[in-house]
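Here's a quick briefing to read alongside the model. Take a look at the structure first, then go through the notes by topic.

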Amino acid sequence: MMKSQFIAGLPLLLAVFSGMVEATSCNATSPCPASAPCCSEYGFCGTGSFCLGGCNPFASTTLDSCRPEPLCKDSNFTFTDQSRILSNYTFFDGNASAYDWTVDHGNIQNSNGDLALILTQTNGGTRLSTTRYVHYGTITATLKTGRWAGVVTAFITMSDIKDEIDWEFPGANTTTGQSNYFWQGVIPTGKNNGATQGGLTDTYSNFHDYTVDWQPDALTFLVDGKSVRTVKKTDTVGTNGVANYPSTPSRIQLSLWPAGIAGTPQGTVDWAGGMINWNDPDYVAAGQFYALVKSVSVKCTNAQVVSPTSNITSYVYGGNRSDTSPTIIYSNRTSLLNAAGRIAPVMGSMGGALLALGLGMVLGVNALLL
């Protein structure tokens with residue numbers, strides 16, 4: 001589980017490049033003012049890119065202050081040609097037809113046709129996010145992990161209200177992978193808590209297929225096409241009758257991040273295998289740590305049928321801020337920043353989930369620098 005520890009000034013610094021910002025924090029009980037209506041994933045109010053990926057609708061001025069989330073599209077991403085990866089997310093204008101991925105921070109390289117996620121002592125790690133969202137579907141990442149204490153490789157899905165599904169590979173252990181999920185940022189307990197899959201063959205030297213099969217009624221984790229764990233939605237229902245199950249549209253994220261650094265909670269450092277050794281021979285020789293991604297495939301399920309001829313283009317949040325089960329509306333509203341207009345619902349809706357402050361996978365650490 002990744003701990004979010006962004007320095008407080010970072011969102012304000014990014015705002016210089018990405019839009020107007022007020023020095024106002026935001027959460028579910030203190031939403032943004034109309035002058036800076038969008039609550040970014042870092043918990044600050046602003047405009048521009050603050051209103052795109054990660055914008056929290058339940059901490060923004062209104063539910064439709066955030067731009068709509070671009071609709072899922074069946075895809076098979078390879079990385080020989082990286083022209084559809086936008087290297088600086090602050091220049092993204094919401095056009096998911098122009099770019100497939102954004103680099104949220106850090107650095108990438110082309111390593112013999114594979115995507116290399118880079119971690120150095122000064123860059124704070126690397127995270128990429130898809131420009132489109134997935135509202136249920138099957139996602140497979142073919143990748144090689146890191147192999148160093150304190151360094152975490154991650155392939156996850158993350159919604160704007162912190163529903164999250166993870167494959168993570170912490171530290172120097174290259175024979176296991178860890179699966180987990182969160183509901184509105186809340187860690188499940190008991191039998192639904194995270195699981196460790198052992199018996200993998202050297203995850204640093206060998207590519208493996210890691211799959212998240214996320215359906216409305218069950219979540220299955222697979223390695224090389226074989227199921228290793230299944231969580232049923234019915235098994236996540238709490239005493240209040242609410243299923244603590246990821247159910248809101250999510251971006252796919254790939255990251256390599258430093259858990260073993262000063263300022264990280266000791267439990268996270270221990271989980272990641274200890275502090276990073278910046279004198280490790282691999283680091284000294286290459287000047288960086290890295291993980292490699294060969295491909296990512298996406299097969300969309302969606303919560304309602306979307307025909308090829310439909311004018312549905314996006315997901316938006318409906319209902320009220322205080323709803324127990326907020327609604328996901330399939331909409332024809334544009335995601336572009338320079339577009340206007342309110343929600344134009346198409347066909348129907350699907351129950352979603354509440355806001356909570358996320359614990360995991362915003363790739364942020366005290367050492368993070370631009």
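Predicted model: local features only at pLDDT ≥ 70, side-chain atom pairs only at ≥ 80, totals over all residues.

Residues are numbered from 1 along each chain as its sequence is written, and side-chain values use heavy atoms, with hydrogens and water left out.

**Nonpolar cores**
- A nonpolar core here is a set of buried Ala, Val, Leu, Ile, Met, Phe, Trp, Tyr and Cys residues joined through side-chain atoms within 4.5 Å, where buried means under 20% relative accessible area, exposed over 50%, and partly exposed in between (1.4 Å probe, protein chains only).
- The largest one holds 56 residues, and Trp-101, Phe-155, Leu-219, Val-296 and Val-298 have the most contacts inside it.
- Strand E20 (residues 289-300) is the top contributor to this core, giving six residues; strands (E, at least two residues) are DSSP runs numbered from the N terminus.
- Another core of seven residues lies apart from it, with Val-152, Ala-154, Ala-259 and Ala-272 among them.
- Leaving out residues up to four places away in sequence, Phe-155 touches a list of residues including Ile-139, Leu-143, Trp-167, Tyr-210 and Ile-252 (contact means heavy atoms within 4.5 Å).

**Cavities**
- On a 1 Å grid over the protein atoms alone, a cavity is a set of points where a 1.4 Å probe fits but cannot get out, and lining residues have an atom within 4 Å of a point.

**Second largest pocket**
- A pocket is an open set of points with protein on both sides within 12 Å along at least five of seven lines.
- The second largest pocket has a volume of about 240 Å³.
- Of its 16 lining residues, Pro-70, Leu-71, Ser-97, Arg-132 and Thr-313 lie nearest its centre.

**Positive phi**
- Most residues other than glycine have a negative phi.
- Asn-112, not a glycine, has a positive phi of about 55° and is exposed, because its relative accessibility is 81%.
- Gln-184 also has a positive phi of about 55°, but is buried at 3%.

How values were computed:
Points joined across faces, edges and corners; volume = space filled by probe spheres on them. Helix = DSSP H or I, 4+ residues; strand = E, 2+ residues; numbered from the N terminus.
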